[in-house]
Amino acid sequence: MSAPIDRAKQAIRTQVWDLLVRERVVEPNVHGYIPAFAGAEAAADRLAGLPEWRAAQVIKAVPDRAQQPVRERALRDGKLLYVAVPKLAAELPFFVLDPADLTAAPAEAASREHAARHANKIAVEDMNRVDLVVCGSVAVNRRGTRLGKGAGYSDIEVALLQEAGRIGSSTVIVTTVHPLQVIDEPMPETEHDFSVDLIVTPDEVIECEPQRRPSGLDWNSLPPAKIAAIPVLAARATAARRG
């Protein structure tokens, strides 16, 4: 990523983090994280009322606290749930949670702490096709351009799923956010960024277009330290060198 784009993205993140703290809809130490916002449960309920949610049988979600109510609702609604391992720091980068096999109530099973202790992990290639992807955001505009916390894990997750054919143009990508996280201004994008199809807040649903997704991993955007820290990427890089 070029330095000017990186700086512009970070400026927007900081602006939104500051606004959320000032308006007291998040905890004060939100900087550097996906905001766990006031109204996250209401946003999850609104999402669960959409036809895209009702039609989805398989959901992939991020492990952030902001999306805990969405993960819980998925399990309560009987949907197969995949959750990314935090920082993708495992050879098998996703947890799999099957409502039919839960050993705890959905509220507990959906927590990332419970998943880390009890859920099985799965390779991308062994996953079912995903109907709906739930991502976290720091900021998002009405065109569907989103900013995460800046680590790039959601971009990598989507790229891995895309390469493996586990998502496609029919897969719906949604983010749940506080209304103050939705901005009207354009935001910078790069080749490896993906857009969301739906933005869900406690108060409204915003449909975005056009759909913008990478065809796969953008290796040029991945620094060596990032590749080395993510086992599934390190393994692929090693295989490519040997090949």
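**Exercise 1.** Decide whether Cys208 is buried or exposed, and how many disulfides there are.

*Solution.* Cys208 has a relative accessibility of 11%. Buried means under 20% relative accessible area, exposed over 50%, and partly exposed in between (1.4 Å probe, protein chains only). Cys208 therefore counts as buried. Cys135, with a relative accessible area of 2%, is buried as well. Next, apply the disulfide criterion, a pair of cysteine sulfur atoms within 2.5 Å. The count comes to zero disulfides. For Cys135 the nearest cysteine sulfur is that of Cys208, 10 Å away.

The model is predicted: local features need pLDDT of at least 70, side-chain atom pairs count only at pLDDT 80 or more, and totals for chains, interfaces and linings use all residues. Residues are numbered from 1 along each chain as its sequence is written, and side-chain values use heavy atoms, with hydrogens and water left out.

**Exercise 2.** Check the span of helix 1 (residues 3–22) against its 20 residues.

*Solution.* Helices are DSSP runs (H or I, at least four residues) and strands likewise (E, at least two), numbered from the N terminus. The expected span is 1.5 Å times one less than the number of residues. For helix 1 this gives 28 Å, and the end C-alpha atoms are 28 Å apart, so the two agree.
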